[in-house]
Amino acid sequence: MKPLLCCANLTMRFGGLTALDSLDLDVLEGEILGLVGPNGSGKTTFFNVVTGIYRPDSGNVTFDGEDITGLAAQEIYYRGIARTFQRSRLCLDLSVFDNIMIGNHKALHLGFWHNIFKRREFKAEYELFREQATQLLCALNPELADRILKPVGDLSMIDRRRVEICRALISRPRLLFLDEPSAGMTPDETRQLMDEIVALDTDGQAFSLVLIEHEMEVIRRITSRCVVLNFGRKLCEGAYETVTADSQVQEAYLGRELEE
Amino acid sequence: MMRQMLAFLSGSAGCIVFALAIIVWLHVFLMAEEHVPIFICLVTVVGLGVAANMLKVTDAVRTSLAEHERLWNLCALAVPLALIWLFREDHYNLFLIGAIMVYAVAVLGLNVQLGYAGVINFSCASFFGIGAYTSTMLMTGAGLPPLAALLLGGVMAALVGCILIFPVLRTSGHYAALVTMAFALLFKVFMDVNDFFGGPQGITVPPMTLFGIDFSHNMLFGDTELSFYLRYDLLCLLLLGLAFCFVRRLERSWIGLSMDAVRSDDTASACFGINISRWKITAFVVGNCLSGLAGALYAMMQAYISPANFTFSDSLLFLSILLLGGIGNMWGVILATVFVVLIPEKFQVIQEFRYLIYSGLVLLMIIFSPKGLLPRQPRSYS
């Protein structure tokens, strides 16, 4: 399988701290990649660098054969990379539908004339997107579809995560980054959400998924490959069993045994 | 019984009852001249408001508003028309009604800026003033017809806004606020020292003329002599109606949604392709254009303007209307404008203290109801 995303020699420094240290990381077409590592190992920084929130100090990011290093976040979105955030960044006072439409930005007609004066055309467009959003919500939780015009602030944590995932999915991304979707949820809820994600029917359009997760059980169950980061470097990669058996990984997570 | 009444009010009847109540109350309040009746009026309305909130009448009214929107729009049009007719011979009250409507247009502009896109603007009164001065100078200096001058007043305010937005975009938070404050002070000083614009004594403004009708003369209707402000009020109502429709359509569109996204979270917006500067600039320009149009019409109605009309304190006044009414809620904006314009006019004694009173009110509002008198409702796209 050919890689969809290639990161070569990626380095990101914040003052004296090297968050990413010459990282090489590939994401293959259609795979589910687990990104694990202790706190502060550079997982979220990696997402932020690829999605254009930070500009890397050195190194290259290639997406689908094109160099996207240092492009603006907006540009990266238009190329087909979508994400969720560790602390869900939804607009809490806006409705579920509004939040999902923020993710649909590339499909919206933003002209003044269209929006203000051609209300009939606008409404037809609105009905179409409303239908799309409802379908997406139904795939995750049909109850959410009934609350589509309610503010997101009224929803439970798991439903907010679902809305955030819908917001990322409605743009039909080729690469989806999920930054710790289980944060703040119970193990049961996490299991439920992960099942929903794996079962997502994306109209035959395969997308690659990169998942940051601390629950190793989740990683074992849904990822096809794992990459372990530590201090911004890649410690090890491979299938779940290979990675967990690696002595360096065990050391990074559990510490070194005292030498007698 | 209570439940039946709530059901009654949440239907179309709620709208009509509400509209009639507002007409009656405003009529009594505007007629009142002594301090005691004025005070009783105010206490009554505050009491009614609190009681309505406690008895869930406000919720019923909100349901009615969501379900019978067209009827509410018609009633909203009927209330000022009824009041204009009731005060047809009364210059002073007609002027006040016109002033409320013009101020509401300017605050609707501010609402687009601060309420939707989150662009702070402490110089709303300056853009109001730019509209006023531009239209005046175009009429007196260039001899343009008043209607063209009015529209160009709005255009000029938008253009000046295009320049001011650059330093605003380069800064954020408090610093962006400081840039607009500096502009407000600069505008006042600039107008004070330029004799070309009349200097501190101000300048007289020619009246509006439309289709050969001079707005500065009273007109006869049967035996009664109607105040010349009546025509101005109708024009103000037209402007307010258009501004209201425009801002509402803007809110209920992808443009309004993009502005909301920019305001709530710029990082998330950027990650979904939203061009942050584009929407901040759009909101700033649209808002200033509305303020400019309002200012131009206000100048003609008042027939005289001076830099003292457009000070930093006036900008704060506009902002306080927005905060009191409920940021993002257009009905709230109009309701708050009514109070903020009328109360100091009715209590002449408090004129000196009005900013003290407003700041007190805004503080109370922020403590007890941070979203304003009428909090903004989730967007519908109808």
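How many residues of chain A are in contact with how many residues of chain B? In this predicted model, 35 residues of chain A are in contact with 31 residues of chain B, where contact means heavy atoms within 4.5 Å. Residues are numbered from 1 along each chain as its sequence is written, and chains are lettered from A in the order in which they are written. Local features need pLDDT of at least 70 and side-chain atom pairs count only at pLDDT 80 or more, whereas totals for chains, interfaces and linings use all residues; side-chain values use heavy atoms, with hydrogens and water left out.

The size of an interface is often given as the accessible area lost when the parts come together. Here, chain A and chain B bury about 3,000 Å² between them, with 70% of it on carbon and sulfur atoms; buried area is the accessible area (1.4 Å probe) that two parts lose on being put together, summed over both. The rule finds 3 salt bridges across this interface, a salt bridge being a side-chain nitrogen of Lys or Arg within 4 Å of a carboxyl oxygen of Asp or Glu. Arg263(B) and Asp93(A) meet through their side chains in a salt bridge, at 3.5 Å from N to O.

On the side of chain A that touches chain B, at least two residues each come from helix 2 (73-79), helix 3 (96-103), helix 4 (112-117), helix 5 (119-140) and helix 7 (157-169). Helices (H or I, at least four residues) and strands (E, at least two) are DSSP runs, numbered from the N terminus. Helix 5 of chain A gives the most to this side, with 6 residues. By class, the residues of this side divide into 21 nonpolar, 6 polar and 8 charged (Ala, Val, Leu, Ile, Met, Phe, Trp, Tyr, Cys and Pro count as nonpolar, Asp, Glu, Lys and Arg as charged, and the others, Gly among them, as polar).

Turning to the chains themselves, chain A has 11 helices and 10 strands. Its C-alpha trace spans about 75 × 40 × 35 Å along the principal axes. Of the 260 residues of chain A, 51% count as buried (under 20% relative accessible area, with exposed over 50% and partly exposed in between; 1.4 Å probe, protein chains only). Within strand 9 (residues 225-230) of chain A lies Asn230(A), which is buried with a relative accessible area of 15%. Asn230(A) touches Pro38(A), Ser41(A), Leu235(A) and Ala252(A), not counting residues up to four places away in sequence.

Chain B comes to 16 helices and 6 strands. Buried residues make up 52% of its 382 residues. Helix 11 (residues 254-264) of chain B is mostly covered, with 9 of its 11 residues buried, including Trp254(B), Leu257(B) and Met259(B).
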